[in-house]
Amino acid sequence: MKKKTILVSLLTILLVTLTLSKTYLTKPIKETKGVEVVPTMQDVITSDSSWCPTFQLIFNDLKNDLVKQDIKFSKNNTFLDNLNKEEFKESDISSDYYYKTYGVKNIELKNKIVKGIKDKFNQTSDIIDKFDFSSSNSNEYFFYSMLYKEFKYPKKFNILGKSSFNNKYNNIKYFGIRGDDEELAKQIEVLYYKDEDDFAVKLLTTSNDEIIVNKNPKGKTFNEIYNNIINNSKNYRDKEFITDSDYFKMPYLSLNVLKEYKELEGEQIKTKDGNALEIGTAIQTIKFTLDDVGGKIKSEAGMNVMKSSLDERYFYVDKTFAIFLKEQSKNKPYFAAKVTDIRKFQ
């Protein structure tokens, strides 16, 4: 078999399918700077980006249960258009992987969420206290979801020490395979290989989780990148990882990002039955780690939604104004005043 040097030096897509397991990674993840979060796999991504379906799941509930039609704003919004497509639904993920609920925003709902994620994942929320549940208001809803999963490889990979990344960043930690270890080789499936700068591999775990890594991915969205991987792998034959001719090296990963979707906040939504809603604060977090033992992912999404009146207008006379008095039957007023400094008039 032709010798292939597999070096993972650019990772912009990492796809993890998930099931529930017990905690083994407890080290806190530091906050990550400069990594974008997109709400769907159809959104255009930057060089450093991430995605998880937690926000899509709560958007689906808002759209289908409250609005009962596609959600539209008064102006075009690409995020909104892609979310309305519902390219990711509950049927696309095992119920073991996530918890979600919504209801009238009150302390009872908060307690339900806290208990729900504790019972299911033995986890606490990183975002719940960012929302105010102190007062109960039947005109305000809260939507919430958490996705949580830990996974392990059948056998721990070798620690390979530090080297460069992208020929630019030094002292980057790597793990992989050192020597002829057939057990470790069985944990890797080659999806396709064109050359050392264009390939995709799959790392297997003890659960049904698969980690797909693609070097120098092609595509403007995660969806395009993933479809290109699938297409390239369809007719590729040499799937087996051969220890005497194949080499694997993967950087350790740690991600901790928070995204507030200001692009969606404050816009009025018309429901199918003619009522109006408005999206308030909308937050999503993603925490992810990958190392020589396995990995962990935790993502949350929370969103306030308020009932409102269609085409709300605020007649607050709280800035400079003019005032006139006139008889109903006459054309001209009999009094006029302009008020700039209200203190002169009170």
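Start by selecting strand 8 (residues 169-176) and strand 13: three bridges join them, and the two run antiparallel. Keep in mind that this is a predicted model. Now pick Phe175, and look across to strand 13, where Met250 stands opposite.

Three strands now make up an open sheet, ordered 7-8-13, with antiparallel pairing. Which strands stand at the edges? They are strand 7 (158-165) and strand 13 (249-251). Each has a single partner strand, so one side of each is left without a neighbour in the sheet.

**Next stop: helix 1.** Select residues 54-67. How far apart are the end C-alpha atoms of helix 1? They are 19 Å apart. At 1.5 Å a residue, the 14 residues should span 20 Å, so the two values agree.

Colour helix 1 by burial. The helix is mostly covered, with twelve of its 14 residues buried. Among the buried ones are Thr54, Gln56, Asn60, Asp61 and Lys63, along with Phe55, Leu57 and Leu62. To see what lies over them, show helix 2 (78-84), strand 5 (98-104) and strand 6 (140-152), which are part of the cover. Strand 15 (268-270), strand 16 (276-290) and strand 17 (294-308) also belong to that cover. Then step just past the end of helix 1 to Lys68, which takes a positive phi of about 65°.

**Into the core.** Select Phe55, Leu62, Phe248, Leu264 and Met303. These residues have the most contacts inside the largest nonpolar core, which has 66 residues. Helix 1 supplies the largest share of this core, seven residues. In general, nonpolar side chains tend to be buried together in soluble globular proteins.

Zoom in on Leu62. Which residues does Leu62 touch, leaving out those up to four places away in sequence? The contacts are Val67, Ile71, Phe143, Ile269, Leu277, Ile279, Met303 and Val305.

Now move to a second, separate core. This one has 14 residues, including Ile113, Ile127, Phe131 and Tyr148.

**Last stop: Ser50.** Look in strand 4 (residues 49-50), where Ser50 is found. Is Ser50 buried or exposed? Ser50 counts as buried, because its relative accessibility is 6% and the cut-off for buried is under 20%. Show its surroundings: Ser50 touches Val35, Glu36, Val37, Val38, Phe222, Leu255, Val257 and Ile286, not counting residues up to four places away in sequence.

Notes: Residues numbered from 1 in each chain as written. Predicted model: local features only at pLDDT ≥ 70, side-chain atom pairs only at ≥ 80, totals over all residues. Heavy atoms only, no water. Core = buried A, V, L, I, M, F, W, Y, C linked by side-chain atoms within 4.5 Å. Buried < 20%, exposed > 50% of the residue type's maximum accessible area, 1.4 Å probe, protein only. Helix = DSSP H or I, 4+ residues; strand = E, 2+ residues; numbered from the N terminus. Contact = heavy atoms within 4.5 Å. Expected span 1.5 Å × (residues − 1). Pairing = 2+ DSSP bridges.
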